[in-house]
Amino acid sequence: GTGLADALAAAEATSSVTIGANTTLTPDGDSLTYSPVGGNVGSGTPIEKLLVRAYPGTRPVLRAPAGAQPWTFTGGGGAQLVLDGLTLSGCDIVLRGAFNTVRLTACTIDPGTAAPGSPPIASAADGAPLVPCRIFVEGTVSELNVDHCILGPVRTRLGGSVGRLTITDSIIQGLPATTGPAYTAEDIYDP
């Protein structure tokens, strides 16, 4: 099998990658967890149409190691991006360039888990911090559609914009970056 990064690089040419059972991707060990996640998709040749989906009946976890780079998608004019049935943990998603539509269906973009302390983030059983994965729009997205998803914060930065945002049957959660009774700049401003 090939790694996730290789499959996503190939997806730029084929317009589709399926993750899970009976695919060419090899999970870490015997689990259905795939890593590393992160890197740029469409940076060489911008995406025109790309579908990244879970194999039917599976729910693969794409888990980035601590400190991983964001998973960045760069769209060409009129681009279409679909993320379907994925669980992403440990890194942000960044949308650059121009997209006509971005659709997330049945995805969990880990919103993080709160805990006492500073920063107020819990740890997984293996000690990895359960930090929120954020979606940052740095380009232009005409339509952002979120359906049956659980997400962390969805934000614009660096001049990014969303023309129309439609969220149905989904949960969006934002955790504070600090503890205490008052908000700080860290809680409000993007990194």
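**View 1. Trp 71 is buried, with a relative accessible area of 1%.** Buried means under 20% relative accessible area, exposed over 50%, and partly exposed in between (1.4 Å probe, protein chains only). Phe 73 is also buried, at 0%. The structure holds one aromatic pair. Its ring centres, those of Trp 71 and Phe 73, are 5.0 Å apart and the planes meet at 50°, so the pair is tilted. Rings of Phe, Tyr and Trp (its six-membered ring) pair if their centres lie within 6.5 Å; planes under 30 degrees apart count as stacked, over 60 as edge-to-face and the rest as tilted.

The model is predicted: local features need pLDDT of at least 70 and side-chain atom pairs pLDDT 80 or more, while totals for chains, interfaces and linings use all residues. Residues are numbered from 1 along each chain as its sequence is written, and side-chain values use heavy atoms, without hydrogens and water.

**View 2. Asp 92 contacts Arg 134.** Asp 92 is found in the loop between β7 (87-89) and β8 (93-105); strands are DSSP runs of E, at least two residues, numbered from the N terminus. With a relative accessible area of 14%, Asp 92 is buried. The two side chains make a polar contact at 2.7 Å (a pair of N or O atoms within 3.5 Å; within protein, one must be able to donate a hydrogen and the other to accept it, and residues adjacent in sequence count only if both atoms are side-chain atoms).

**View 3. The charged end of Arg 157 sits over the ring of Phe 136.** The distance to the ring centre is 3.8 Å. The criterion is NZ of Lys or CZ of Arg within 6 Å of the ring centre and within 35 degrees of the ring normal.

Key
Helices (H or I, at least four residues) and strands (E, at least two) are DSSP runs, numbered from the N terminus.
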